[in-house]
Amino acid sequence: MRASRLMSILLLLQTRERVTAQEIAEQLEVSVRTVYRDMESLSAAGIPVYGDAGHDGGYRLLDGFRAKLNLLTADEAESLFLAGLPSAASDLGLGAIVTAANLKVMSALPPELRDRAGRVAERFHLDAPGWYSETEPTPFLTAVANAVWNEQAIRFNYIRWATPHLVTRSAEPLGLVLKSGNWYLVGHTDTGIRTYRISRIMELQVLDTPVHRPPDFDLAAYWTDYLESFDQRRHRDSAVVRLDAATYDGLTEPLDPATAVAARAAAGEPDANGYREVRLPIESLERAVPDLLRLGAGAEVLAPEELRQRVAAEAAAMARLYRA
């Protein structure tokens with residue numbers, strides 16, 4: 001365990017110019033005191049590691065020092081080929097590069113590890129898009145990805161989703177996110193950090209203006225917060241619905257996950273017959289009608305009255321059709 005931790009510290013030092021004891025402790029989930037002891041062990045083993053005090057201090061390796069740390073364990077060799085997204089790499093124009101990198105890694109592995117890694121690649125495949133959804137065309141994805149990587153600002157024409165119309169936007173690209181088969185750009189604008197669906201970009205111009213990346217920006221943390229706020233903006237209203245026990249238990253099948261979670265959080269206690277009243281977040285009355293009809297006869301809309309009437313009218317029309 002300690003040998004593995006020392007190897008991880010050495011890898012950190014080789015991939016970063018300078019790293020503090022606190023950063024190492026947080027990365028490896030150990031105490032700062034443990035890091036101090038590990039640094040002494042590395043130094044005693046002949047590793048040229050130096051510690052600088054002060055506000056901008058930290059640990060660093062002697063310039064030019066590199067250790068051969070390319071020996072993988074069996075588990076690491078197997079897991080390596082689960083981390084790839086071939087289709088995503090292809091979308092970004094990196095398919096050939098990823099293939100070449102995998103070939104180099106495979107050629108560097110001993111035969112027994114090469115066989116194990118190959119078996120994993122043959123037996124597991126990651127398909128990012130959701131069921132019954134087509135991948136959207138993204139003709140500007142490669143150009144956006146290059147702007148993200150090269151830290152160049154962009155200007156583009158974009159179709160807004162809320163009230164669809166064409167707008168022109170300028171942004172400093174901060175990152176790309178692949179969500180359910182769709183690509184999103186996260187960029188810094190004059191009004192703050194914004195998210196854009198790349199399939200809605202109509203025209204794109206890469207500018208010579210450099211990107212000023214916020215030093216504390218965390219793409220993964222931003223995306224988590226964005227998803228939560230997006231659901232809040234999307235669900236502008238709510239409906240009170242009475243559900244029988246079976247429909248309540250199966251809410252996650254006909255409804256999207258965010259709606260189902262919100263409904264369960266706002267559900268009342270079941271009555272003597274097992275019925276519950278829940279408050280479902282909805283985008284609009286128009287969008288809510290087909291969503292609620294998917295719940296079938298186990299759901300009764302109680303409020304708002306206009307939504308109840310719309311669902312009843314649609315159900316009555318369906319009943320007349322089938323009677324005919």
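This is a predicted model: local features need pLDDT of at least 70, side-chain atom pairs count only at pLDDT 80 or more; totals for chains, interfaces and linings use all residues.

Which residues does leucine 280 touch, leaving out those up to four places away in sequence? I get Asp237, Ser238, Ala239, Val241, Leu255, Thr259, Ala263, Leu292 and Leu295, where contact means heavy atoms within 4.5 Å.

Numbering runs from 1 along each chain as its sequence is written, and side-chain values use heavy atoms, with hydrogens and water left out.

Next I checked the cores (buried Ala, Val, Leu, Ile, Met, Phe, Trp, Tyr and Cys residues joined through side-chain atoms within 4.5 Å; buried is under 20% relative accessible area, exposed over 50%, partly exposed in between, with a 1.4 Å probe and protein chains only). The largest one has 19 residues, and Leu280 is among those with the most contacts inside it, as are Val241 and Leu292. Two or more residues each come from β8 (237–243), α11 (257–265), β9 (276–282), α12 (285–293) and α13; these are DSSP runs numbered from the N terminus, helices being H or I of at least four residues and strands E of at least two. I see α12 giving the most, with four residues. Another core lies apart from it, with 18 residues, including Val144 and Leu185.

Last, I looked up leucine 321, in helix α13 (residues 305–323). I logged leucine 321 as exposed because its relative accessibility is 60%.
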